[in-house]
Amino acid sequence: CVLVLCWFYIFPVYRLPRDKEIVEEVLRQGEDWQRNQTGIDLYRKLLTDCCDPQRMFAVTKENSPMGKVLWYDGEFYHSHTVNNETYSLFVQDNPLQLPLKKCAVVGNGGILRHSKCGQHIDRADFIMRCNLPPLSKEYVDDVGTRTHLVTANPSIIEKRFQNLLWSRKEFVDSMKVYGSSYIYMPAFSMKPGTDPSLRAYYALADSSSNLTMLFANPEFLRTVGKFWKARGVHAKRLSTGLFLVSLALGLCEEVTAYGFWPFSVGLDEQPISHHYYDNILPYKWFHAMPEEFVQLWHLHKSGTLRMKVGSCP
Ligand code: CDP
């Protein structure tokens, strides 16, 4: 018994605050936010040292030459050796004009519904979105219209577009809403995701689409995962949103995050849906979104990152 007590004294168990406590804490802080250049510089340095987002966020001809072994970050012992076919699909080098100035990272949280944050978001210099989200008329006031980079999980290609084995027209047409942005796909994270990602590449290339495909570099995803694990985020895999916030902290002069609120009640303690467009919940043990939120909220309080959780005036 004494041994157990000593154990808890040396290694105190970290308890994640309950949803209600988080809501209270956020309400206490209110809309206050003070930019802190030292915090911004510190995080950019930490992320550059661990993960080198500038050079490594995408698979490029420069960081992945022919013959390079790309180890899948989402599973053990699977790799892809860059060959003639895949090498030709990679961009030469990081195509982004750096540094990016004001960036908006838009999560898909239901907190965005009726937020009227669309104009705020659209005012950013560089706008990142997750998982090909809907930007139809009914959502424009809340989420805006512009996009510079949007992630696409291979599972979406499978579920929404029948793996692109039949018609590619529906996919190509539905991508038009993202204008001439980058589509960022984790093609080398899970083995079954590679083929759908390559098919998405060809579907866009064959239709002379304005979008540019960027494959997420599995080495970057792995190092970002480790970075947050060391800071207490224990999940099988980070959420897409946290990957993008990490990228933005490494590349942008100022970052505002919208739509990050993985709780079932809003700030008015009324129930809200998981997404701004539906209420389909994620697999319970896959992500640790509340833990991620706590980390992001620390960054908000320290002036490193701005979290917009209420509505936009
Ligand atoms: O693919 P994943 O489940 O990670 O994401 P999603 O449901 O498409 O939402 C995009 C991102 O928004 C997530 O990765 C989270 O970082 C964030 N999100 C949130 O913070 N709260 C929610 N209720 C829903 C999403």
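Predicted model: local features only at pLDDT ≥ 70, side-chain atom pairs only at ≥ 80, totals over all residues.
## The ligand and its surroundings

Helices (H or I, at least four residues) and strands (E, at least two) are DSSP runs, numbered from the N terminus.

Several polar contacts (pairs of N or O atoms within 3.5 Å) involve oxygen atoms of the ligand. A polar side-chain atom of H275 lies 2.5 Å from a ligand oxygen, and one of S239 lies 2.8 Å from a ligand oxygen. T240 takes part through a backbone N or O atom, at 3.1 Å from an oxygen of the ligand. On its own the ligand has 500 Å² of accessible area, of which the protein covers 91%; such areas come from the Shrake-Rupley method with a 1.4 Å probe.

Seven strands form an open sheet with parallel pairing, in the order 7-6-5-4-3-8-9. Two strands pair if DSSP finds at least two bridges between them. Strand 7 and strand 9 (306–308) are the edge strands, each pairing on one side only. Neighbouring strands are turned by 20° against each other on average, direction ignored; the axes behind this angle are lines fitted to C-alpha atoms.

Strand 6 (residues 182–185) and strand 7 (residues 212–215) pair in the parallel sense over 4 bridges. In strand 7, M213 is the bridge partner of I183, and L214 stands opposite Y184. From strand 6 the chain crosses through helix 10 (residues 191–206) to strand 7, in a right-handed β-α-β crossover. Right-handed means that, with the strands pointing away from the viewer, the path from the first strand over the helix to the second runs clockwise.

## Two loop residues

P99 is found in the loop between helix 5 (84–87) and strand 3 (100–106).

## Basis of the values

Residues are numbered from 1 along each chain as its sequence is written, and side-chain values use heavy atoms, with hydrogens and water left out. Local features need pLDDT of at least 70 and side-chain atom pairs count only at pLDDT 80 or more, while totals for chains, interfaces and linings use all residues.

How values were computed. Polar contact = N/O pair within 3.5 Å; in protein donor to acceptor, adjacent residues only side chain to side chain. Axes fitted to C-alpha atoms, helices over the stretch in contact; angles between N-to-C directions.
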